[in-house]
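Work through the following exercises with the sequence and the model side by side, and try each task before reading its solution.

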Amino acid sequence: MPSGIALAIWILGTAAGVCFVVCSLIRGSFLRYFFLNLYVILYMCADLIREAVLRFYALDSPQYMYAYYYTDCLLTIALFVAVISLASHVFAELNLTRYVRLVAVFLLLGTAGFTYAVVAQSTDLLATRFALELSQNLYFVGLVLTYLLWGAVLKLHETRTRLVQMILSLGLYFSAYAGSYALVNVAPKYETVHYIGPILGCFLPISWALTIMRHSEEARLTPARLVAVPR
Amino acid sequence: MMAAFILAFSLLTLLMFFVSYCRSLTASSLHTSISEDVRDVTGIQARAVGRDYARVMQILHLCPDRPEDRSRLQIVGAYFSFLNLLDQGFAKIFPTVREWAEEERAGCAHFAAVALGRRIALNREMLAEQVEL
């Protein structure tokens, strides 16, 4: 990717991240959506770490590879926790928060165990392969959880505008990201498809920041309007 | 083959989330009725319909910009274009698509009309401030 475009995308992503965290602090929602803020902060830190490593080591060096895959793995875990925190908000009124957390821990450990079982058979670069595989598997679990969460939002007639729009943003992000990965595999020769992933990375903090800025915690909407095709 | 399947599936879910996201935006304006000023300017009678959208947007661009509305109006504008495409592409094969798209376009028009009402109110406030000065 040309460094100019990469730099522009990085600045946009960082600005959106800072904007989201600042808006959360100003509107008093930082602790309420703590794990979303944590994810965005880690996202910015990961970018800084990668840039710092890249200053001293080459793009194809093992040092950069370790830094990239481990920060990516950490980010995926943070995103997974963010999805679970949104699920806790949705199920809070049913007093199911404890069970949601239990399921989350079970899923996280299960995914890590499954990944280790798969990766343990290969002896070369076990550490990086484990980080890469865990990241991919957790990403898939997060994607499925977001769809389930959206189903729960519709079933439980969730009306909190902020919560609904944050979950929808997450759904849009996950779908678009999965699509962009697939597109890179389907058409790797087109250079433009390689920009989609980093650009999508900026989308999540931007949409969350807009949601926090525009809607108060008390804002409500009509649940029937949320279904794509009314029944 | 697998990548193509994932691409198709993710595009479908992307579409579903996009429609829901846009509906959540237009739903936020449903509780607000269209002001008398907007009715006078646009000629909207009882409730907004899809064809009112273009007229409302034309007038909206003449009013001073409100940064708070800008991105939402752009997203709803994209949704409106998507609904037009859907109508032109599938309405002949699936007639129910036309009814659904028209209902959705009416929601977009209502959203734009409510935004226009806010801009007119802002315009009045600015004018009042200038008169006071």
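Two residues are in contact if their C-beta atoms, placed from the backbone, lie within 7 Å. This is a predicted model, in which local features need pLDDT of at least 70 and side-chain atom pairs count only at pLDDT 80 or more, while totals for chains, interfaces and linings use all residues. Residues are numbered from 1 along each chain as its sequence is written, and chains are lettered from A in the order in which they are written.

**Exercise 1.** Describe the overall build of chain A.

Solution. Begin with the elements, which are DSSP runs numbered from the N terminus (helices are H or I with at least four residues, strands E with at least two): chain A has 7 helices and 0 strands. Next, take the radius of gyration over C-alpha atoms and compare it with the globule rule, 2.2 Å times the number of residues to the power 0.38. The radius of gyration is 19 Å, close to the 17 Å that the rule gives for 231 residues, so chain A is as compact as a globular protein of that length. Finally, among contacts in chain A between residues at least 6 apart in sequence, 68% join residues at least 24 apart.

**Exercise 2.** Work out how α3(A) and α6(A) pack.

Solution. Then list the residues that make the contact: α3(A) gives Val83(A), Leu86(A), His89(A) and Val90(A), and α6(A) gives Leu163(A), Met166(A), Ile167(A) and Leu170(A).

**Exercise 3.** Which residues of helix α3 of chain B are buried, and where do they lie around the axis?

Solution. A residue is buried if 20 or more other C-beta atoms lie within 10 Å of its own, exposed if 12 or fewer, and partly exposed in between. In α3(B), residues 52-62, the buried ones are Asp52(B), Tyr53(B), Val56(B) and Leu60(B). Because they cover an arc of only 95 degrees, taken from the directions from the helix axis to the C-beta atoms, they lie on the same side of α3(B). These buried residues pack against α2 (36-42), α4 and α5 (95-132) of chain B, whereas the face turned away from them carries the exposed Ala54(B), Gln58(B), His61(B) and Leu62(B).

**Exercise 4.** Which element gives the largest share of the side of chain B that touches chain A?

Solution. Start from the total, in which 21 residues of chain B are in contact with 21 residues of chain A. The largest share of the chain B side, 17 residues, comes from α1(B).

Conventions. Axes are lines fitted to C-alpha atoms, for helices over the stretch in contact, and angles run from 0 to 180 degrees between N-to-C directions.
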